[in-house]
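User: I am new to this structure and would like to go through it with you. Could we look at it piece by piece?

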Amino acid sequence: MYRFSNTVIGFLNLFTLLASIPIIGAGLWMARSSITCENFLQTPLLVIGFVVLVVSLAGFIGACFHVACALWLYLVVMLLLIAALMGLTIFGFGVTSKGGGVEVPGRVYKEYHLQDYSPWLKKRIQDPRYWNTIRSCILGSKTCEKLASWTPLDYMQRDMSPIQSGCCKPPTACTYNMAAMMMTQDPDCYRWNNAPNLLCYECDSCKAGVLEDIRGNWHKLSVLTVTMLVLLIGIYSIGCCAFRNTKRAETDYPYGENRMTKVRPRWDYHW
């Protein structure tokens with residue numbers, strides 16, 4: 001069991017050590033990218049990558065070279081990482097439980113409403129600093145330019161992403177004839193502008209589309225964290241075994257301090 005547990009945890013940590021390199025690389029690439037709108041994932045990717053790198057390195061050194069203090073540090077950090085991942089998973093499912101699109105009669109795409117999402121997400125998306133960053137990201141990705149050549153028939157038959165549905169067009173219910181202008185409509189109908197750099201980027205529907213995109217990606221991230229959680233719990237269990245065996249190897253009692261030793265014979269032994 002001594003050689004088995006240390007060998008297994010050594011190989012497992014070597015594998016996670018190598019796996020942390022593309023995770024960190026993906027986070028750095030996303031931080032430098034000006035095309036994608038997925039920049040909100042760069043911080044979790046970088047944090048997960050660096051933590052996995054440090055923990056795996058400590059576990060690998062401790063298991064292969066029988067360094068008890070390195071294994072002790074490995075187990076403590078691994079326990080904190082498991083708790084953090086568990087909290088992140090629960091929090092992620094909690095804030096993304098609300099939301100989703102609404103079917104539009106006669107259309108393939110869906111439309112999204114800001115009031116359908118959790119208060120935490122709404123508060124974050126309505127922060128001007130955060131929204132200005134997201135808005136610049138959408139403009140840089142040229143997402144709406146893909147719809148510039150669409151015909152009215154395309155709007156009837158083709159699907160849209162949540163961001164395209166919310167940011168690149170006014171709500172479907174909006175009408176812009178003189179009679180309709182005297183009626184009460186969705187506030188987003190009055191925020192719409194045909195200018196390519198304005199469109200519906202200040203609409204609540206645009207913010208809702210971004211939240212729906214974040215919601216979908218957060219669900220994918222939650223699946224990843226659950227998978228990592230199961231894997232880390234398994235590695236942590238083997239690590240506890242390796243730590244116990246390493247402590248035994250560093251003492252004068254490889255089979256435990258409670259092994260049987262010779263005792264002095266009683267005074268009446270030779271009688």
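User: Which residues is Cys206 in contact with, leaving aside its neighbours within four places in sequence?
Analyst: This is a predicted model. In it, Cys206 is in contact with Trp131, Ile138, Gly166, Cys167, Cys200 and Tyr201, once neighbours within four places in sequence are set aside.

User: And which residues touch the most other members of the largest nonpolar core?
Analyst: That core has 31 residues, and those touching the most other members are Ile125, Ile138, Tyr201, Cys206 and Val210. At least two core residues come from each of helix H4 (119-125), helix H5 (128-141), helix H7 (162-167) and helix H10 (204-250). H10 gives the most, with seven residues.

User: What does the second core include?
Analyst: The second core is separate and has 14 residues, including Ala58, Tyr74, Leu81 and Leu85.

User: Let us take Leu81, then. Is it buried or exposed?
Analyst: Leu81 counts as buried because its relative accessibility is 13%, under the 20% cut-off. Its place is in helix H3 (residues 68-95). Beyond four places in sequence, Leu81 is in contact with Val51 and Leu232. Leu81 and Ile233 are 152 residues apart in sequence, with 10.0 Å between their C-alpha atoms.

User: What does UniProt say about transmembrane regions?
Analyst: The unreviewed UniProt entry carries the annotation "transmembrane region" for residues 12-31, 43-65, 72-95 and 221-243. In the model, the span 72-95 is 100% helix and 0% strand, and its end C-alpha atoms lie 35 Å apart.

User: Back to H10. What does Lys207 touch?
Analyst: Lys207, which has its place in helix H10, touches Leu114, Ile125 and Trp131, not counting residues up to four places away in sequence. Lys207 is buried yet has no salt bridge. The nearest side chain of opposite charge is that of Asp204, 4.5 Å away.

User: How many salt bridges does the structure hold?
Analyst: The structure holds seven salt bridges. One of them joins the side chains of Lys169 and Glu111, at 2.7 Å from N to O. Lys169 lies in the loop between H7 and H8 and Glu111 in strand E2, so this pair ties together parts that are 58 residues apart in sequence. Both Lys169 and Glu111 are buried.

User: Where do Asp188 and Arg191 lie?
Analyst: Both lie in helix H9 (residues 187-191), three residues apart, which is about one turn of the helix. Asp188 counts as buried at 4% relative accessibility, whereas Arg191 counts as partly exposed at 34%. Asp188 and Arg191 are also linked with Asp204 in a network of salt bridges.

User: What about Asp127 and Arg129?
Analyst: Their side chains meet in a salt bridge too, at 3.8 Å from N to O. Asp127 is partly exposed, with a relative accessibility of 27%, and Arg129 is exposed, with a relative accessible area of 67%.

User: How many helices and strands are there in the protein chain?
Analyst: The protein chain has ten helices and two strands. Of its 271 residues, 40% count as buried.

User: Lastly, what is the average pLDDT of the protein chain?
Analyst: The average is 77, and 73% of the residues score at least 70. Over residues 252-262, pLDDT stays under 50. Where pLDDT is low, the predicted coordinates should not be read in detail.

Methods: Residues numbered from 1 in each chain as written. Predicted model: local features only at pLDDT ≥ 70, side-chain atom pairs only at ≥ 80, totals over all residues. Heavy atoms only, no water. UniProt positions renumbered as here; feature names shortened; annotations may be inferred. Helix = DSSP H or I, 4+ residues; strand = E, 2+ residues; numbered from the N terminus. pLDDT = per-residue confidence, 0-100. Contact = heavy atoms within 4.5 Å. Core = buried A, V, L, I, M, F, W, Y, C linked by side-chain atoms within 4.5 Å. Buried < 20%, exposed > 50% of the residue type's maximum accessible area, 1.4 Å probe, protein only. Lys, Arg positive; Asp, Glu negative; His and termini not counted. Salt bridge = Lys/Arg side-chain N within 4 Å of Asp/Glu carboxyl O.
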